[in-house]
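Student: Please take a close look at one strand pairing for me. Then show me what else goes with it in this chain.

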Amino acid sequence: MTSKRNAALQPSVGGCAVLRTAAGLSSPKTTPSLSEMTLILSVMFLFPVQRASAHPQCLDFEPPFKPQWHLEFCTQYEEFGCCDQRTDNTIAERYWDIIELLETAGYELCEDMLKEIMCQECSPYAAHLFDAEDPYTPVRELPGLCFGYCSEFYSKCRHVLKYLIANRLLLDTSERDVSTFCSLVDLSDQDYCYPNVLRSTDLNSNLGQVVEDRIGCLQLCLIEVANSLRNPVLMLHSGDDTHRMFIAEQVGFVWVYLRDSSRLEQPFLDMSGEVLTTPWPGDERGFLGMAFHPKYRDNGRFFIYYSIQINSKVDKIRISEMKVSAYDMNVADPYSERVILEIEEPAANHNGGQLLFGRDGYLYIFTGDGGKAGDPFGKYGNAQNKSALLGKVLRIDVDGSDSIGKKYKIPPDNPFLRDPDARPEVFAYGVRNMWRCSVDRGDPVSRYGKGRIFCGDVGQNRYEEIDIIVKGGNYGWRAKEGFECYDIKLCHNSSLNDILPIFAYSHHVGKSVTGGYVYRGCESPNLNGLYIFGDFMSGRIMALEEDKTTGNWKERSICMGDTTTCSFPGLINHHHKFIISFAEDEAGELYFLATSHPSAMSPLGTVFKFMDPSRRAPPGKCKQKPLPVKVRGKKFPFVPRELTVLNTNDKPTRPPPRKFKLTTKPPATRSQVKPATTAASVMMATAAPKLKRKTPKKEGKKKKEPKQWEKDKMLNKKDDKAQMKKNSASKKTEAQSKKTAPTKPARVKVKPKKNQTATENSNTLKTSNSLKDNKINTKGNSAQKKGALKQTGLKIKIPEKQHFTFLNKTKTILKVKPKKQHKPTQEKSQQNREAKALWD
C-alpha cells in the first residue's frame, strides 16, 4: 500500500496524470449555445441522472478498512478509510516538512486546507479522488477538488502548490487563472470530488457494509485460484501450518497446491485405478471424501471415502486410512491403505461422501440412503432404520480398535450405543443424501458457534434443506422433505420427533443443495457469521444469517457484483454453473469449486475464492507465516483463465470524460524555434500529443503548399551553410556573431508556447522588444531570467550553437533571398518581415 501511495505523490511522467484529466474536462466558464442547451435538455429527459454508486476503493486498488489503532493526524478517517497508522505518520511528516518550508519562505501557512487535501489519501474513496480506480493509468498528484473549493484554495493557498506537487504543467497552469487551474483538478463525476464526496448520502449511508443491489442481494466478487480440474469434488487443508491446499478430482487424483497457487507435478494421491467412476454427466460415484487427522502434522494419517465395484456387479463405498510418505511430505504412501469400513450400495446414486473430524476428535461419516427415489428399501426406508448404516451420520474413534476385530472404536457417548435395534456407529439418522458438511470454527473473538456441524441435505423433488447436526437427531427423511410431509403415514407418526431444518427452499430456486461453511476468516470482516452455500443445478449462491436472540436463521441472497462493484485487479464477477463443493483454507477464507460440464472426465473445473469488495481487514492483520514446504519435483505455476473485470477496459465508476480543449496557440513562423527544440515543448508534446502535434498537421493539409516552396527552402538551407562557412573563416564576422547572439531571443521563442491564446499573436513583437530592452543591465537581466524560470517551473537550456544557427539562418534568409530572385508568396513575405523585425 505504501508504494502505491508514494506513487501518487511523485511527479508523473510528462504530466500524464494531469493531462489525462485535462483531456476529459471542460472549462466551467464555457456558456453553451441555444442549440447545445436544447440538446442537453433533451438528453437529460431521455436519460435521467443516476444516483451515485458507492464503490469505496483505496490507492492500492483494494477496499478500505477500519484501522487497528488510533490515527494521530488524519483523525477524520480513523473509523473507516484507507490509512493505517504507518501511512498516517508518513502523511504527517510530509505535512510538517511543507509547513516548515512555508515558514522559512514567509508565506501564509494555509494549515487547514493543506491538511484536508493531503488527508484525502486516507479517504475511503481515495482511488476516485485521485482518478486511480483504474490501476492501468497513472494517479494524480492532487485529489479531485470541486470547483468552488478549488477556487477558495487557489485564492488563499496557491503558493503551497510548488511544495506540494512537482508536475510542471499543473504549476504553469496555476500561474494563469483560477478557471483553467480548477478545470484541471476537477473531476467529471461531481459526486466524487472533494468535498462533495463527504456530503453525498448515497455514497456514505452504508459505507463499509456489504454492497446490496436493488433487490437486496449481497454483491460479492471472486478470485480464480485453480483451474483445469476434472470435477473437483473437494478442497481441504492438512492443518499442519503449511497452508497447502489438497484438491481431489472425482476420478481419484488428489493434487497439492502451494500458497502461491502453483501445483506440484506429482499428485499427492492416485486412486484412479481403484475408484469406480464413469464419464456419464451427473454420475455420483467416484472419489468423494477425504479428511486429515487432527494430529496429521505428527502422525501423517488421513482418511478417504470412495466408490468401488466388486466383481463388476456390487457397488460399495469404502472408508480407508492412509499415511503420508516418509520421504516426501507432498506424496502419500500408496501401500499404506488400511480399509476401515465398507458399505454396500443398492443403487448408483445417493452415495454420500463427506468425511470430517469434529472438535471432539472423532471421525464423522455421512452416508446416503442407498439411492433410487423415495428411499424404497425396507418397511420405513434405510434412513429411518437405525440398524442400517445408510442414510446416517456415523461417528467412530479411529485412534484404536475394539475387541471384535473392528479397526475403529465406538465413542462411549454415542447416542444408540445400548440400543439393540441400532448400530452403535449411528450418531444421527433420517438423512437422504447429505452433500457437503462443515464444522464451524466459531466467532474469532467470542467463540460463539464453535463445533457446530452444518450440512446440506439433497431433497427428492420439492425441497432442499440445511441442517445442524445434533447427537441422536432424526432429520425426518423419508417422512418429511424440508418442512413438508413426503410419506403421509410416517409424517403423522407421533414417535417421529424429527428435527426441522434451519432453512429449506423449493425447487423453483434450485434442485440440488451443496452445503457450505460459516465464514470465520479474517480478510472480509463483514461476512463473519454468514453460512454460505449453493445449489448444484441452478448455480445459485445463498447465505444464512443467525438471529442470536431467537436462534432463527434468515436468508441473505448473494449474487456476483456488477462491473462497478468488482472493478479491482484480479477480481471476476462470474463463475461456472455447477457448484460442486465449498472449501475453507487454513486461515478460514472461503472458496467454492464449480464446473461448466458435470462429468468426471471433463477438465473444466475451477476453484474460486470469495472476496468482499466493500471492506477488508487492516493491512498486516491477516498475515500468515506458513511453515516451509520441501518440494522435490517440478511445480506448475498458476495461469488464470477467467476474464477479470478490469480486462474488459471498462471504467464503470465514472462517466466518460468530457472534452477539454485549451485555446489554440498563434501560428508558427520560420523565425520561431521548432517545437521539439526546448524542454518545455518536449514536455508538452510528450504529454499532450493531440494539442501540439495534430494542429500543424491539419493546417498543412489545408494550405497544400506547392513544391516550389520546398525547393526554395532547400536552396535557402544551402545558402545558410555557405554563409556559415564565410562567418567561420572571418574572425571579424565570428566576433560580431557572438556579440549579437545573446540567450534572450531563445526566451522569445518559448513565450508563445507558454501563452496558448490566439489573441497574443499580435503582441509577439512587443514581447521581443521588451526583452531586448532588458539587455542593458546584465546582472538584473540574469536575476529576472532566473525568477521567470522559477515562476513558470521550466528549466530551459539551449546550446549556443543553436542560437548561432538560428540567427544566421534568419539573417541569411533576409540577405540571400533577393540574390536568388525567387518570388516569395505573400505568406513568406510576411514571415520574412516578422523575422527581420525580430533580428533588428
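Tutor: Strand 23 (residues 541–546) and strand 24 pair in the antiparallel sense, over 5 bridges. Two strands pair if DSSP finds at least two bridges between them. Strands here are DSSP runs of E with at least two residues, helices are runs of H or I with at least four, and numbering goes from the N terminus. This is a predicted model: local features need pLDDT of at least 70, and side-chain atom pairs count only at pLDDT 80 or more, while totals for chains, interfaces and linings use all residues. Residues are numbered from 1 along each chain as its sequence is written, and side-chain values use heavy atoms, with hydrogens and water left out.

Stay with the hairpin. Glu 545 has Lys 554 of strand 24 as its bridge partner. There are 6 residues between strand 23 and strand 24, and in this hairpin Gly 551 takes a positive phi near 80°. Strand 24 (residues 553–560) also meets strand 1 (residues 218–229): 3 bridges join them, and they run parallel. There, Leu 220 stands opposite Met 560 of strand 24. Strands of a sheet pair through backbone hydrogen bonds, either parallel or antiparallel.

Phe 303 has Glu 321 of strand 9 as its bridge partner.

Another open sheet runs 15-16-17-20, with 4 strands and antiparallel pairing. Strand 15 (434–439) and strand 20 (503–506) are its edges, each pairing on one side only. Here the twist averages 15° from one strand to the next. Strand 15 and strand 16 (residues 453–457) pair antiparallel over 4 bridges. Cys 437 stands opposite Cys 455 of strand 16.

Turn to the helices. Helix 5 (residues 111–118) and helix 7 (residues 147–157) pack at about 130°, with their axes 10 Å apart. They are therefore oblique to each other; angles under 35 degrees count as roughly parallel, over 145 as roughly antiparallel, 65 to 115 as roughly perpendicular and the rest as oblique. Met 113, Glu 116 and Ile 117 of helix 5 touch Tyr 149, Glu 152, Phe 153, Lys 156 and Cys 157 of helix 7, where contact means heavy atoms within 4.5 Å. These residues divide into 5 nonpolar, no polar and 3 charged. Ala, Val, Leu, Ile, Met, Phe, Trp, Tyr, Cys and Pro count as nonpolar, Asp, Glu, Lys and Arg as charged, and the others, Gly among them, as polar.

Last, the disulfides. The structure holds 11 of them, each a pair of cysteine sulfur atoms within 2.5 Å. One joins Cys 74 to Cys 119, S to S 2.1 Å. The torsion about its S-S bond is about -85°, so this disulfide is left-handed. It links distant parts of the chain, 45 residues apart: Cys 74 lies in the loop between helix 3 (34–46) and helix 4 (85–105), and Cys 119 in the loop between helix 5 and helix 6 (126–129).

Note on methods. Axes fitted to C-alpha atoms, helices over the stretch in contact; angles between N-to-C directions.
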